[in-house]
Amino acid sequence: MVDVGSAPHAASATTGVAVRTAQTLVFLLSIAYLSIPASRVITTQPVPNAGLALLALTGVALLQFRHTWHGLRGEPPVTWSWTLLLQAILSYAPAPLAGDAWLGVPSFLAASLLITLRSPLSYVAYLAVVLAEIPFALLVHEEPSDIAYATLGVALTGAVVFGFVKMATLVWEVHRLRATLAHRAVDVERLRFARDLHDVLGHQLCAIALKGELAAAVLHSRPESAEREINEVIGLAREAHRDIREVVAGYRSVSLAGEMTGVTSVLTSAGIECEVDTVPLDTLPADAATPLAFALREGATNVLRHSIARHCSITLRPQDDGLVLRIVNDGVPPGPPHPAGSGLEGLRERLLELDGQLHAGPVGGGSFELVVFVPSMATKAAMVEATR
């Protein structure tokens with residue numbers, strides 16, 4: 001079952017890990033590219049020129065990180081026009097001090113323009129920076145054979161940095177969508193249960209209150225009428241009790257075939273490729289199908305809440321005198337494993353009542369496995385009948 005209380009926190013934790021990982025990759029990539037002109041300035045220029053060039057390069061790095069940070073958050077800096085102008089000045093002005101070591105620095109300006117500006121203006125500005133590399137290379141006395149290399153380097157570096165920023169933004173959007181889907185599923189289930197309770201009990205409780213008021217009104221003047229009203233109240237209360245038990249029973253019972261369809265649909269909508277290999281679900285006995293449906297629901301919920309999976313396989317096979325459900329997903333987030341939630345513990349308790357078994361844990365290669373065994377005396381007969 002869905003652990004309503006901890007779902008938002010678990011989804012937020014998984015989202016935070018994925019987004020922080022993507023952000024770290026973006027900043028490490030920027031630092032790696034910035035280290036190239038820094039090392040060339042240090043090794044090729046005299047100390048005064050190298051010091052001034054490194055100071056300017058530090059400014060470029062800070063401005064680039066500012067644009068990248070706001071790009072990851074999906075919003076441009078408040079003073080983006082001034083910061084872009086300052087980065088443009090620092091991308092070209094120190095060239096007389098640094099020489100050809102400065103040829104790759106405009107690539108970060110190209111990336112900032114793609115990150116900060118909206119299309120199609122961003123693409124026009126990016127192309128302008130790439131083409132400006134040709135006269136810039138001539139200005140620092142580059143050989144004609146190296147101009148094409150320098151221009152291509154600016155184009156590729158700017159595109160790669162922008163691509164990583166876009167990737168991190170998409171990671172955030174995907175995980176935000178997963179959290180929204182989890183919240184929506186919980187809200188829909190709450191509304192369904194509340195609607196069923198209202199439809200079943202609303203009329204009966206109103207009738208009980210009305211009958212009680214009538215009985216109180218005629219209790220002294222017409223005791224026989226009061227007794228009749230009280231007996232009707234008792235009958236209505238028993239009927240309400242029976243109806244509420246039926247509502248709860250319907251809430252707790254699930255269809256394995258319906259659950260399989262719903263699970264694959266939700267996982268596919270979340271961008272997870274599903275591979276399903278099961279026996280015919282309509283032939284399964286009820287004593288095995290219901291706990292398996294709960295196990296399938298819990299397994300899919302954990303895939304959405306606790307992983308960054310791209311692939312999930314679901315297999316259901318007969319074994320001995322029962323059935324084995326195995327759910328394996330990739331994309332286990334780095335760091336310590338999540339503590340077992342109440343969902344798995346509740347499922348384990350349900351299986352223990354049936355002499356079933358549950359195993360959940362990592363299986364290597366960044367994958368996680370949930371294995372559930374549900375015994376059923378009718379399973380063998382149903383499987384034999386299905387294969388005739």
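Is Glu369 buried or exposed? Glu369 is buried, with a relative accessible area of 16%; buried means under 20%, exposed over 50% and partly exposed in between, for a 1.4 Å probe and protein chains only.

The model is predicted, so local features need pLDDT of at least 70 and side-chain atom pairs count only at pLDDT 80 or more, while totals for chains, interfaces and linings use all residues. Residues are numbered from 1 along each chain as its sequence is written, and side-chain values use heavy atoms, with hydrogens and water left out.

A salt bridge is a side-chain nitrogen of Lys or Arg within 4 Å of a carboxyl oxygen of Asp or Glu. The count comes to 2 salt bridges.

| Salt bridge | Closest N and O atoms |
|---|---|
| Arg317 and Asp277 | 2.6 Å |
| Arg326 and Glu369 | 3.1 Å |

Arg326 lies in strand S3 (residues 322–329) and Glu369 in strand S5 (residues 367–375), so this pair ties together parts 43 residues apart in sequence. Strands (E, at least two residues) and helices (H or I, at least four) are DSSP runs, numbered from the N terminus. Arg326 is partly exposed at 33% relative accessibility. In the other pair, Arg317 is partly exposed at 38%, and Asp277 is partly exposed at 36%.

A disulfide is a pair of cysteine sulfur atoms within 2.5 Å. The whole structure has 0 disulfides. The nearest cysteine sulfur to that of Cys274 belongs to Cys312, 5.4 Å away, which is too far for a bond. Cys312 is buried, with a relative accessible area of 1%, whereas Cys274 is partly exposed at 23%.
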